[in-house]
Amino acid sequence: MRLINLVFGVLAWLPLWVWRGLGWLLGKLAWQLVPRRRHVALVNLRLCFPDKTEAERERIARLHFVRFMQTFLDRIWIWHGSPALLRKRLRMVGDVDALRDGKSTILFAPHFVGLDAGGMALSGQLLERIFISIYTPQSNKTIDAWVRRGRTRFPNAQVVWRRDGVKPIIAKLRKQGLLYLLPDMNFGPQESIFVTFFGVPAATVPSLSRFARLGRAQVVTTITYMESHGYTLHVEGPWQDFPTEDVVADTQRMNDYLEGWVARRPEEYFWVHKRFKTRPEGLPEVY
């Protein structure tokens, strides 16, 4: 692992156009070589954008594969590049002051492909705040070590194991922490409730509402888009009148809000995930 980190540290100095060019090539190859994920992406887009033509949805899916591979390679310079390089390529815009006021804060950070770049921008520029993320170990031990090292490269960044439950997350959040929360995935019926996403019933984790209540925390949106200079993290918030006593309504509000962001850059949302794998009783399987 030490040798890998040394090599990646050298490669991190390559110009951005090199990484983006390699990612473009790998994305084109992945479109051809990973038919199962291609199918998942096209099904998701068909469900979420029924008014688009099949050609329009395929164009989004093809570009998504490119963006996915570009951001995968970008993790080399994100996790191994110098702080000066990160300051040049990772920018934050919007209501950034909401992240500096010392309040316990949940960062609503849905699954856009630049989410690791956004996490690095936040932890690296807000060193005075505890930055928390929830971590699920990777099956490959080498990759797992690389990912954990990357996500905790700054001293204020801490990971909490998903299997350890809610208590350690809430404890850190109440100490004026920043929780980088990605609640827009399907974790099965045991952890989810059904609300709609683009009008389609979607099993959704209600953690944004529950963590905000338990942690007595404000919610601030952080969406990271790819740009020619690297990445831009958009900060929007705090949310008003949130959470309420109605967890279902809060979770539906989250999905409705997310739809607007997805519509701006649909090719950068995580379409290769089986978002609609868990279905309400009586509805057919879609994949």
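## Strand pairing and the sheet

In this predicted model, Thr221 stands opposite Glu236 of strand β9. The two strands concerned, β8 (residues 218-227) and β9 (residues 230-236), run antiparallel and are joined by seven bridges.

Both strands belong to an open sheet of seven strands with mixed pairing, arranged in the order β1-β9-β8-β2-β5-β3-β4. At its edges stand β1 (90-94) and β4 (157-161), each of which pairs on one side only. From one strand to the next, the twist averages 30 degrees.

## Helices across the sheet

Helix α6 (residues 115-125) lies across β1, β2 (105-108), β3 (131-135), β4, β5 (178-181), β8 and β9. Its direction is at about 80 degrees to that of β1.

Helix α8 (residues 167-174) lies across β2, β3, β4 and β5. Relative to β4, helix α8 runs at about 155 degrees.

## Salt bridges

The structure holds nine salt bridges. One of them links Arg20 and Asp74, whose closest N and O atoms are 3.0 Å apart. Because Arg20 lies in helix α2 and Asp74 in helix α4 (residues 54-80), this pair ties together parts that are 54 residues apart in sequence. Arg20 is buried, with a relative accessible area of 14%, and Asp74 is buried at 0%. Helix α4 also contributes Arg75, which forms a salt bridge with Asp116 at a closest N and O separation of 2.9 Å. Asp116 lies in helix α6, so the pair ties together parts that are 41 residues apart in sequence. Asp116 and Arg75 are both buried.

A further salt bridge joins the side chains of Glu227 and Arg265, at 3.6 Å from N to O. This pair links distant parts of the chain, with Glu227 in strand β8 and Arg265 in the segment after α10, 38 residues apart. Glu227 counts as partly exposed, at 23% relative accessibility.

## Backbone features in loops

Two cis peptide bonds may be described together. One joins Gly237 and Pro238, with omega about 0 degrees; the other runs from Phe242 to Pro243, with omega near 5 degrees. Pro238 is placed in the loop between β9 and α10 (247-264), and Pro243 lies in the loop between β9 and α10 as well.

Positive phi values occur at Phe198 and Arg216, neither of which is a glycine. For Phe198, phi is near 55 degrees; this residue is in the loop between β6 (193-197) and β7 (200-204). Arg216 has a phi of about 50 degrees and is found in the loop between α9 (207-214) and β8. Phe198 counts as buried, at 17% relative accessibility, whereas Arg216 is exposed, with a relative accessible area of 63%.

## A nonpolar surface patch

Trp24, Leu25, Leu26, Leu29, Leu33 and Val34 make a nonpolar surface patch of about 560 Å². Of these residues, Leu33 is found in helix α2 (residues 16-33). Leu33 is exposed, with a relative accessible area of 65%. Helix α2 also holds Arg20, which is buried.

Notes
Residues are numbered from 1 along each chain as its sequence is written. This is a predicted model: local features need pLDDT of at least 70, side-chain atom pairs count only at pLDDT 80 or more; totals for chains, interfaces and linings use all residues. Side-chain values use heavy atoms; hydrogens and water are left out. Patches are made of residues with over 30% relative accessible area and no salt bridge: like charges are joined within 9 Å, nonpolar side chains (Val, Leu, Ile, Met, Phe, Trp, Tyr) within 5 Å. Accessible areas come from the Shrake-Rupley method with a 1.4 Å probe; for residues, only the protein chains shown count as cover. A salt bridge is a side-chain nitrogen of Lys or Arg within 4 Å of a carboxyl oxygen of Asp or Glu. Helices (H or I, at least four residues) and strands (E, at least two) are DSSP runs, numbered from the N terminus. Buried means under 20% relative accessible area, exposed over 50%, partly exposed in between (1.4 Å probe, protein chains only). Two strands pair if DSSP finds at least two bridges between them. Axes are lines fitted to C-alpha atoms, for helices over the stretch in contact, and angles run from 0 to 180 degrees between N-to-C directions. Contact means heavy atoms within 4.5 Å.
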